[in-house]
Amino acid sequence: MEVFERHIALPFPAADVYNSCTREASFERMMPPWERGTMLEHGEVRNGRRFVVEVGSTPFKRRQTMEFRDVEAGFAFTVVALQGPLAPWRHTIRVVPRGAGSSELIDHVEYEPAGGVRAVLGGTDARKRLERLFRFRQSRVLSDMTAHGRWAERPRMTVAIAGASGLIGSHLTSFLRSAGHEVVRLVRRPARVPGEVGWDPDAGLLDPASLLGVSAIIGLSGASLASVWTAERRDKLVQSRMRATRTLVAAMRQMDVPPAVFVSASAVGVYGSRGGEALTEESSPGTGFLADLCQQWEDAAEAASTSGVRVVTPRFGLVISGDGGVLQAALPVFRAGLGGRFGGGWQWWSWISLDDALRALEWALHDAETRGPVNVVAPGAVTNREFTETLARALRRPAVLEVPEAMASLLGGVSREMLLASQRAAPMRLQEAGFDFLHPSLEGAVRFELGR
């Protein structure tokens, strides 16, 4: 067996760090996107508790049985691989106090380099892969605790999320749970486990009684925009958003004590294609199918304000994540050295890192002054050419090709109003409120998500 160990100093008390590492959502939150790990069952961290992790991508997914040990031994516990491709493996997480209000997080791993680690992580350089893995994990512990720390004195909330299985929703669930909030997932089937509520937005069905005690609702439901926009698809894009939002608003109106805040997603597509114009929340809506869709979506959400609910409509830019969205879609092509810009590449793309998107949503939940449209974008929009060059540089691949505008237009509206559209949005309201961006530069966001 070989030993790997990595340390990080944290400006937080040891007890707070330990509590963060032992919450149910900690595993999902600390898993890098490139490792493709999913915890199949949830529960508290306690001695002898076994759980199953699914690793890898379809169709090569494998299951690994793990067990928690020595949980009561001070600020430390050990995760042991019992069965599956990772065994033999012992990972001890230890938090050591380092003066007033500070601590050190230590990840200590004992492993067999020619066995499980190589099978799961791939490649022959196990130590290099482990360094990449734990650098990501420890960085996220620091950034999450910093974000949550701003609101540490606020009461913990019960947050209902519609669209919790999507890219933002799934990560938001673990992000909020890691802060000690309770999350209720709205699912389009009968509820099976605690923490789920069944609903049918297509039929407008959501029992208000099932939301009793919910202090905030986040609406992220909607059919994926990444598709060919046929007439039938356009109708689905509209109806999936409108029906879900109206169902949520109707339920809130019937509640004796409605939630304090309703955060309902929108997108910078509301501005239409505006060239290099600087777009803030005070800019007028644009024209086109997507602009009209976003405006209708926001109007439907704003109806909740008549029930005394504070309404926030975050206008998301492109979300940078190795788990989905534009970055994940582009990776296979760019890794093959076939990446390139769309058209001339001079159209502006507004973007936001996944972690900053989650932090902005947490801000919207807690900050009573935040209401109405909020551009959830990084302060530095880039051109499509710059986006292409940044991704190619991070992957160390060429990207000199160009998808001609005429060829891109064959995809229809999704190309004209997303890939070729130009939206140079600025996060004016977030910046005025004092929001601190974790990833203000595209290169930093891409490298973090790729572990580069």
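What follows is a short chat about a predicted model.

User: What should I know about the model before reading numbers off it?
Analyst: It is predicted: local features need pLDDT of at least 70, side-chain atom pairs count only at pLDDT 80 or more, and totals for chains, interfaces and linings use all residues. Residues are numbered from 1 along each chain as its sequence is written, and side-chain values use heavy atoms, without hydrogens and water.

User: Why call 22 Å in line with a compact globule?
Analyst: Because a compact globule of 452 residues would have a radius of gyration near 22 Å, and the protein has 22 Å. That radius is taken over C-alpha atoms, and the globule rule is 2.2 Å times the number of residues to the power 0.38.

User: How much of the protein is buried?
Analyst: Of the 452 residues, 55% are buried, meaning under 20% relative accessible area with a 1.4 Å probe, protein chains only.

User: Which residues touch the most others in the largest nonpolar core?
Analyst: Ile 161, Leu 172, Leu 176, Ile 218 and Leu 365, out of 35 residues. Such a core is a set of buried Ala, Val, Leu, Ile, Met, Phe, Trp, Tyr and Cys residues joined through side-chain atoms within 4.5 Å.

User: And which helix gives the most to this core?
Analyst: Helix 9, with 8 residues. Helices are DSSP runs of H or I, at least four residues, numbered from the N terminus.

User: Where is there a second core, in terms of residues?
Analyst: A separate core of 33 residues includes Phe 4, Leu 86, Val 95 and Val 141.

User: Changing topic, what comes just after helix 14?
Analyst: Gly 451, with a positive phi of about 70 degrees.

Key: Buried < 20%, exposed > 50% of the residue type's maximum accessible area, 1.4 Å probe, protein only. Helix = DSSP H or I, 4+ residues; strand = E, 2+ residues; numbered from the N terminus.
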